[in-house]
Amino acid sequence: INEALWHLASLTGKAEHRATASLFDKPCLLGPLAAGQDALTGMHGNTALALMLGAQRRFEVTGEAHFTALTQRFVDLVVSKR
């Protein structure tokens, strides 16, 4: 849902669509990633992947580099530790 809402925001340019998409950013995953921690253990893979696709789409729509950095940390964790 997060990625689709960011796509909608990119198409419409409406602030309310960005605000709604932001509601689906999950601090339970994004917060630990931002702190350099691995919060993936015990998290359902499909949930985590969907959240990270949304984070990457947010970067593509807004240019907020923080979100592409989170996506890269996620990929690094998945590839190197799992």
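These are my notebook entries on a predicted model of a protein with 82 residues.

**Ground rules**

I number residues from 1 along each chain as its sequence is written.

**Entry 1: overall build**

I started with the elements. The protein has five helices and zero strands. I took helices (H or I, at least four residues) and strands (E, at least two) as DSSP runs, numbered from the N terminus. The order from the N terminus on is α-α-α-α-α.

Next I looked up the dimensions. The C-alpha trace spans about 40 × 20 × 20 Å along its principal axes.

The accessible surface comes to about 4,900 Å², and 60% of it belongs to carbon and sulfur atoms. Areas come from the Shrake-Rupley method with a 1.4 Å probe, and for residues only the protein chains shown count as cover. Of the 82 residues, 29% count as buried. Buried means under 20% relative accessible area, exposed means over 50%, and partly exposed lies in between (1.4 Å probe, protein chains only).

I also checked contacts (heavy atoms within 4.5 Å). Among those between residues at least 6 apart in sequence, 52% join residues at least 24 apart.

**Entry 2: the cores**

Which residues make up the largest nonpolar core? I found 12: Leu-29, Leu-30, Leu-33, Leu-40, Ala-48, Leu-51, Met-52, Ala-55, Phe-67, Leu-70, Phe-74 and Leu-77. At least two core residues come from each of helix H3 (27-34), helix H4 (45-62) and helix H5 (65-81). A nonpolar core is a set of buried Ala, Val, Leu, Ile, Met, Phe, Trp, Tyr and Cys residues joined through side-chain atoms within 4.5 Å.

There is also a second, separate core of five residues, including Leu-5, Ala-9, Ala-21 and Val-61.

I picked out Ala-48 from the largest core. Leaving aside neighbours within four places in sequence, Ala-48 contacts Leu-29, Leu-40, Met-43 and Phe-74.

**Entry 3: helix H3**

I listed the buried residues of H3: Leu-29, Leu-30, Pro-32 and Leu-33. They pack against H4 and H5. Just after H3, Gly-36 takes a positive phi of about 80 degrees.

**Entry 4: salt bridges**

How many salt bridges does a search of the whole structure find? I got three. A salt bridge is a side-chain nitrogen of Lys or Arg within 4 Å of a carboxyl oxygen of Asp or Glu.

Arg-58 joins Asp-25 in one of them (2.3 Å, N to O). The pair links distant parts of the chain: Arg-58 is in helix H4, Asp-25 is in the loop between helix H2 (15-22) and H3, and they are 33 residues apart. Is Arg-58 buried or exposed? At 12% relative accessibility, Arg-58 counts as buried. Asp-25 is buried too, at 15%.

Arg-58 also forms a salt bridge with Glu-64 (2.9 Å, N to O). Glu-64 is partly exposed at 30% relative accessibility. I noted that Asp-25, Arg-58 and Glu-64 are linked in a network of salt bridges.

Arg-57 and Glu-60 form a salt bridge as well (3.2 Å, N to O). Both lie in helix H4, three residues apart, about one turn of the helix. Arg-57 counts as buried at 18%, whereas Glu-60 is partly exposed at 48%.

**Entry 5: more on Arg-58**

What does Arg-58 touch, not counting residues up to four places away in sequence? I found Trp-6, Ser-22, Asp-25, Gly-63, Glu-64 and Phe-67. With Ser-22, the side chains make a polar contact (3.4 Å). A polar contact is a pair of N or O atoms within 3.5 Å; within protein, one must be able to donate a hydrogen and the other to accept it, and residues adjacent in sequence count only if both atoms are side-chain atoms.

**Entry 6: Gly-45**

Last, I looked up Gly-45, which is in helix H4. Gly-45 is partly exposed, with a relative accessible area of 48%.

Technical notes
This is a predicted model: local features need pLDDT of at least 70, side-chain atom pairs count only at pLDDT 80 or more; totals for chains, interfaces and linings use all residues. Side-chain values use heavy atoms; hydrogens and water are left out. The radius of gyration is taken over C-alpha atoms; the globule rule is 2.2 Å times the number of residues to the power 0.38.
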